[in-house]
Structures are given as structure tokens and as C-alpha cells.
Amino acid sequence: MIVDVNFVGLIIASIMASAVPLILASCGELITERSGVLNLGVEGMMIIGAISGFALMTVTGSLIIAVFGAMLAGVLISTIFAFLTQTLITNHVATGLALTIFGIGISAMIGKNFVGIPGKEFPVLFEGLKDTIPLLSPILFGHSIVFYFAFALPFITSYFLKKTKIGLIVRAVGDSPESASNQGINVRFVRYACILYGGAMCGLAGAYLSMIYTPQWIENMTGGRGWIALALVVFSTWNPIKILIGAMIFGGLTIIQFHMQAIGVRIPVQFLTALPYIVTIIVLVVISRDSRKIRLSTPSSLGKSFHKDN
Amino acid sequence: MHKFLIRSFVSSLVLLFTLTVAAVAKDVKAAFVYIGPTGDHGWTYQHDVGRKAVEAAGFKTTYVEGVPESADAERVLRQLANSGHDIIFTTSFGYMNPTNKVAKEFPNVKFEHATGYKREHPNVATYAARFYEGRTILGTIAGTMTKSNVIGYVASFPIPEVIRGINSFTLAAQKVNPNIKTKIVWAFTWYDPGKEAEAAKALIDQGADVIAQHTDSTAIVQMAEKAGVYAFGQASDMDKFAPKAVLTSVENNWGPYYVDRVKAVANGTWSQKDTWHGIGDGMVVISGLDSQMPSDLQAKVKKLQADLASGKVHSFTGPIYDQKGNLMVAEGKTADDGMLAGMMTYVKGVEGDIPK
């Protein structure tokens with residue numbers, strides 16, 4: 001096989017495109033978890049975002065309304081989670097699981113009338129520059145706005161958590177809600193905000209799938225990507241840059257194993273299909289093996305309910 | 001007391017009347033058990049289109065979706081049989097044993113199992129479609145339309161149904177173009193749009209300019225449209241998802257069979273049988289041909305379609321060799337149904353190994 005630089009560029013571009021929903025959902029969930037809340041409803045919020053985006057696009061014809069509507073839908077469904085876990089102090093794990101089951105069910109119900117309808121074409125940016133630079137052009141140009149946002153998000157998230165006052169407040173709430181509360185921080189308010197933000201990002205991740213990546217609606221179309229996003233957050237030890245690396249490895253191996261099959265590499269296909277899961281975990285565990293750093297970035301109060309608030 | 005007696009007399013009269021009416025004009029009720037959600041726009045969706053045809057013919061229908069192929073299936077079947085359904089269609093291969101088991105307990109209920117071969121009791125019938133006939137047509141088109149001579153094929157799981165499709169497709173493509181190569185990628189899913197799109201993208205990046213699929217979603221034809229290559233619709237007409245890419249689709253058309261069988265129950269003429277219908281009986285339908293296909297190819301395809309329907313042409317006509325060069329079907333012979341049903345070897349010309 002001739003290795004053409006543009007061919008490599010094309011492969012990298014498709015790897016990045018497949019990593020987008022994982023990055024969006026993981027970075028959203030990361031903020032939620034950094035505030036001490038474990039929301040296992042990522043898959044549910046993503047699928048709600050997917051159907052809301054697709055339905056709004058079909059009904060209103062406006063892509064902008066659809067994208068923001070999907071994020072709003074993510075916010076609305078995560079409000080249920082926030083109300084239950086923060087106001088009614090229910091168990092995070094059970095409530096999150098319920099949210100996923102609820103999301104899958106209600107998306108199927110809303111989606112009944114949207115099966116078999118083709119999606120609209122989503123505009124891409126810088127398409128004119130697509131053939132200018134070898135290797136880099138297919139990577140840099142000709143993608144949707146959501147694509148660029150997704151690759152900026154880990155850096156924004158990292159900056160937000162490390163360098164901004166609000167970021168520090170979020171971390172304080174996640175590490176020690178009691179101390180934060182004694183400092184006059186409204187723990188419940190901060191956690192509400194972080195949960196809703198996570199919902200918005202998961203909604204956007206779902207909309208990317210149903211509107212841009214594979215523009216169609218079918219039931220369960222998120223196909224477990226929410227669970228992978230959740231796992232990425234944990235294995236990256238709550239570090240947004242490592243989420244980016246993990247998502248790229250996962251997306252990359254998924255795509256490269258298809259290429260290996262097509263070339264005819266004689267490795268059992270079942271092994272190839274399991275490869276993304278195995279390697280992503282191994283790599284993330286290896287790059288995050290510094291236990292001191294893990295302790296620093298793990299939100300200590302993760303998943304614990306906080307009662308003492310006003 | 002007096003009042004009570006009158007009341008109970010009247011109500012028992014009403015009850016008796018209802019029962020009599022029910023016994024005289026007993027509606028036939030049909031139930032359908034689905035493996036996936038009806039919103040998959042693929043396998044289950046097409047069965048549900050068939051169910052709606054039964055409904056349109058004036059019968060009552062029920063369906064249960066997302067039923068696992070396990071002990072759960074037995075429970076669902078028993079419940080459907082207990083709740084007054086006269087005929088139950090079980091629409092996935094894995095329901096074979098549960099269907100036969102429950103059929104034994106309910107001899108008065110008719111059971112119809114799709115894609116299986118076990119008919120252990122007189123009230124169990126089986127049915128399937130000869131989708132491979134459709135793939136003979138797709139292979140003919142692919143072999144003619146390809147310029148790179150590389151044809152991509154996204155497969156789901158290594159079962160006879162899928163292997164048979166790959167073989168039938170490749171044999172037909174080789175017949176019109178001996179230089180073609182069929183590259184197969186196993187997605188190990190029936191539907192996951194993201195994964196299917198990635199598999200198709202990998203094949204396209206490796207030079208495939210026609211993509212065939214044996215998975216259910218429309219993601220592959222959409223990817224083909226984006227990349228400017230050709231593709232074929234699966235299970236339903238997918239033309240509107242990718243008007244430029246889709247050359248034609250092979251549609252699963254269960255409706256006529258379902259209506260037929262439910263009517264047979266109503267008339268009391270239902271009997272056990274094994275049905276394997278193809279293009280000829282309308283269970284496999286070829287959608288409209290795209291105008292990008294040259295007119296001589298269109299004419300050829302129409303003729304092939306007619307010949308497959310009449311039985312003049314068989315998808316597996318010898319000589320057929322397997323990958324190692326062993327003779328599978330002798331010259332002038334055609335593969336029998338037993339061989340087709342258990343086909344687990346690639347024919348010569350298919351690249352790679354079947355995953356074990």
C-alpha cells in the first residue's frame with residue numbers, strides 16, 4: 001500500500017470527527033464531577049440531545065435553533081437530576097442510572113415520527129482551503145463549528161479550572177463542600193450550575209451525532225458512547241487534556257481497526273474490535289499513574305450528598 | 001333482595017349475549033415479537049411495516065419490541081399466547097427454541113418463526129426471504145459501475161445469512177468484471193450509525209468506490225454520498241438519504257406474507273409450512289434503479305430480476321469454488337437450500353477469513 005500524506009491526513013481527520021462526541025460529553029461530565037456530583041446519566045442526556053436536535057431541525061428547519069435546542073434539552077433533563085440529587089438529596093448513582101433509562105425511553109417515544117427522515121446538510125467552515133496544505137488541510141479545514149469547539153473545549157476547561165476564580169470555587173465545592181459552605185459559597189447553587197452545564201454539553205454531543213456525524217434519527221443511536229465518555233473522565237483522572245488524548249486513542253483505534261480489516265491484516269476481528277477499549281484504558285492508566293497527582297485532581301466528595309446547605 | 005336478583009339476572013343475560021357474540025364473530029388477533037426497536041429503520045422497522053399491513057387488512061395486532069433471545073422470549077410468548085392471540089410471529093433467528101417450546105404448550109395458537117428451521121410441532125411454521133437474490137443484482141451493478149475495481153462491503157456478524165450475501169454479491173460482480181476485489185469489514189453490530197459510518201469511511205479511504213452493506217442504518221449511504229462514491233440501500237429504499245450515492249436498494253417486504261397467513265388463520269386454512277420467498281414472490285423487492293446507471297446496465301438488471309423471479313437464473317450456479325479452490329457447486333448445478341442455509345465458507349475471490 002502506498003502511504004500518501006493526504007491519506008494519513010484523511011484518517012486523522014476521521015479519527016478527530018469520531019472523537020468529537022466523546023470530548024464534548026466527557027468535558028461536560030468532568031465539570032459536573034469536579035463539583036462533587038457523579039451523574040451517570042450521560043448516555044441518557046446524549047440521546048435526548050440527539051432526538052431534540054434532530055426533531056427541531058426537521059420541524060423548524062433551523063440548524064441554530066436545533067443545536068441550541070438540543071443543549072437546552074440536555075439542560076432540562078439534567079435539571080431533573082439536579083433537583084433530585086441536590087434538593088431532595090437522593091443517591092447520585094441510582095438517580096443517574098434512572099436518568100439514562102428515562103432518556104433512552106423518552107427519546108424513543110419522541111423519535112417515533114422521525115425515523116426514516118433524512119437530515120439536513122450541516123455547513124462546514126474553511127472548505128475552500130481544503131487542498132492548500134498537504135497532510136494538514138484535511139485535518140484543519142472543512143469541518144463544522146461544533147468540531148472546532150470540541151477541540152478547543154479541553155483547553156478552555158483546563159484553563160477554567162486552574163486559572164479562574166469560578167473554576168477554583170467549583171473545585172473547592174467538589175473537594176470539601178463543608179469548607180466551601182463555611183466560606184460562604186452556596187454549594188447547592190454551584191452544583192446545580194455544574195450539573196446543568198454537563199447536561200448542555202451532553203446535549204450538544206448527542207446533537208453532533210444526529211445532525212452532523214450521521215444525520216438521521218434511529219433509536220439508541222448513541223450506541224453506548226455516553227458510557228465511554230464517563231469512563232474517559234475517570235481514567236483521565238479528571239484532567240481535560242488527558243480526556244482529549246483518550247478520546248483520540250479510542251476513536252483512532254476504532255477507525256484503524258477497520259482499516260486493518262480492509263487491508264487484510266490477519267488478526268482475529270474480535271480482538272481488533274476490542275482493541276480500542278483495552279488500549280485506551282491501558283494508555284490512560286499509564287499516563288496517569290502518579291498517585292499524588294491523582295489525589296490532587298480527584299474530587300474528594302465525588303458522589304456524596306451534601307445536606308448542610310442553606 | 002328482589003332488586004338484586006333482577007339485576008344479576010339482567011347482567012348475566014348481558015354477559016351471555018356478549019359471550020355468544022364473541023364466539024360467533026371471533027376476531028383473529030396477531031402478535032409480533034421483535035428483537036430491536038421499531039425505530040431502527042432496518043430489520044424490525046420492516047417487520048413492523050408488515051404488521052401495519054395486517055392491521056390495514058382489518059385484523060387486530062399487538063407487538064412487543066426489544067425482546068432478548070433468552071428466557072425472556074419464552075415469557076413474552078407465553079403471555080401473548082395466554083392473552084388471546086391466534087397467531088404469533090417471532091421475527092429473529094434466536095427465538096427458534098423458545099418458539100418451539102411455547103408452541104408445544106399452546107397447540108391452538110399458530111406460531112410463525114422467521115429465519116429458523118425448526119418446526120417441532122404442527123402449529124409452528126417457518127419463513128424467510130431470499131435476500132441473496134437481491135445481492136446478485138447489487139453485485140452485477142457494483143461490478144459494472146466500479147472504476148477502481150475495489151468494492152467495499154460492511155458486514156455485521158459472521159452467520160450464514162451474511163456469508164451467503166457476500167458470496168452471492170461477489171459471484172455476480174466477478175461475472176461482469178473478473179478484476180474486482182471485494183474488501184470486507186466486520187462492524188460487529190447490526191446498527192450503530194457512528195460505527196457503520198467509520199467502517200464505510202475506512203473502505204472509501206482505501207479506494208473502494210462502491211459500498212455494499214449488511215448492516216441496517218442509513219449512515220453508510222450518507223457517508224458514500226459525502227465522499228462521492230456509490231452505495232446500495234438495505235432493508236428499505238434509502239434513496240432519499242443519499243440521492244446521488246444510492247443506485248438501488250433491496251427492500252424486505254413482509255406485508256403480503258403476513259396478511260396471507262393471518263387470513264389463513266381466519267379462514268381455518270392455516271397449515272404448517274416452510275416458506276423461503278425471493279424476488280419472484282415479492283418478499284424481496286428491488287427499488288427503482290438510479291438514472292446514473294447506463295441504460296444497457298438498467299436493461300440487464302431488469303432482465304436479471306425477471307430471470308431470478310422466474311427461476312431461470314439462480315444466484316448460486318456452478319461451477320463455484322471456495323477460497324482454497326475446492327469445488328462447492330458443480331458446473332450446471334445450483335446450490336440446494338440446505339447448502340445455502342448453512343453456508344459458512346467464502347467463495348473464491350472474496351478476500352480475508354471469516355471471523356471465528
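**Exercise 1.** In which sense do strand β4 and strand β5 of chain B pair, and over how many bridges?

*Solution.* Start with the numbering: residues count from 1 along each chain as its sequence is written, and chains are lettered from A in the order in which they are written. This is a predicted model, where local features need pLDDT of at least 70, side-chain atom pairs count only at pLDDT 80 or more, and totals for chains, interfaces and linings use all residues.

Now find β4 (110-114) and β5 (124-129) of chain B: they pair in the parallel sense, over four bridges. Two strands pair if DSSP finds at least two bridges between them; strands (E, at least two residues) and helices (H or I, at least four) are DSSP runs, numbered from the N terminus.

**Exercise 2.** Find the edge strands of the open sheet in chain B.

*Solution.* First write the order of the six strands: β2-β1-β3-β4-β5-β11, with parallel pairing. Then take the edge strands, β2 (60-64) and β11 (274-277), each of which pairs on one side only.

**Exercise 3.** Describe how α2(B) and α9(B) pack.

*Solution.* Begin with the angle: helices α2 (43-56) and α9 (255-267) of chain B meet at about 45 degrees, their axes 8 Å apart. Axes are lines fitted to C-alpha atoms, for helices over the stretch in contact, and angles run from 0 to 180 degrees between N-to-C directions. The two helices, α2(B) and α9(B), are therefore oblique to each other. Angles under 35 degrees count as roughly parallel, over 145 as roughly antiparallel, 65 to 115 as roughly perpendicular and the rest as oblique.
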